[in-house]
Amino acid sequence: MRTTKDRIRHTIGFELLGLVIFTPLASLVFGFELHLMGVLAVAGSLIATVWNYLYNLLFDHAMLRWRGDVRKTTLIRVFHALLFEGGLLLLFLPMIAWYLGISLWDAFVMDIAMAAFYLVYAFFYNLAYDRIFPIPNPTAQGS
């Protein structure tokens, strides 16, 4: 299992590298100035980080109340992921529309594109992270 220090390194690395990659790419794809996309990306990163913490805390409490257990089946994991993304979309969508002065539909399309980017990015980031910082072998720690 990963240590708290390792989890913090993982989270900070994920967010910083994601911002470095996403901001210029989004500026190019959506046609907004780099600084506008940068502010939006940082705000999105902060919202996603806070939402992740709160959502998982609330979800675990709900699981305990309804099931008496926080272990997730595959179906619950799918529901958990979809509900997380839906909540994040609802939190971030109005801000995108307001900040960029675009319609809710355009903000929705942009938000879906951002979610797709981060889905792919998360897969490759975590793959690379696990290779660069492998999880310690629990049997080797006791030796």
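This is a predicted model: local features need pLDDT of at least 70, side-chain atom pairs count only at pLDDT 80 or more; totals for chains, interfaces and linings use all residues.
Contact here means that heavy atoms lie within 4.5 Å.

Leu 88 is placed in helix 3, which covers residues 74-100. Setting aside its neighbours within four places in sequence, Leu 88 is in contact with Ile 47, Ala 48 and Trp 51. Leu 88 counts as buried because its relative accessible area is 15%, and buried means under 20%. From C-alpha to C-alpha, Leu 88 and Thr 74 are 21 Å apart in space, with a separation of 14 residues in sequence.

Thr 23 belongs to helix 1, formed by residues 4-30. A polar atom of the side chain of Thr 23 lies 2.8 Å from the backbone oxygen of Leu 19. When neighbours within four places in sequence are left aside, the residues in contact with Thr 23 are Gly 18, Leu 34, Met 37, Gly 38 and Ala 41. With a relative accessible area of 11%, Thr 23 is buried.

Val 29 also lies in helix 1, but Val 29 is classed as exposed because its relative accessibility is 57%, and exposed means over 50%. Together with Leu 17, Val 20, Ile 21, Leu 25 and Leu 28, Val 29 makes a nonpolar surface patch of about 570 Å².

The accessibility values are set out below.

| Residue | Relative accessible area | Class |
|---|---|---|
| Thr 23 | 11% | Thr 23: buried |
| Leu 88 | 15% | Leu 88: buried |
| Val 29 | 57% | Val 29: exposed |

How values were computed:
Residues are numbered from 1 along each chain as its sequence is written. Side-chain values use heavy atoms; hydrogens and water are left out. Helices (H or I, at least four residues) and strands (E, at least two) are DSSP runs, numbered from the N terminus. Buried means under 20% relative accessible area, exposed over 50%, partly exposed in between (1.4 Å probe, protein chains only). A polar contact is a pair of N or O atoms within 3.5 Å; within protein, one must be able to donate a hydrogen and the other to accept it, and residues adjacent in sequence count only if both atoms are side-chain atoms. Patches are made of residues with over 30% relative accessible area and no salt bridge: like charges are joined within 9 Å, nonpolar side chains (Val, Leu, Ile, Met, Phe, Trp, Tyr) within 5 Å. Accessible areas come from the Shrake-Rupley method with a 1.4 Å probe; for residues, only the protein chains shown count as cover. A salt bridge is a side-chain nitrogen of Lys or Arg within 4 Å of a carboxyl oxygen of Asp or Glu.
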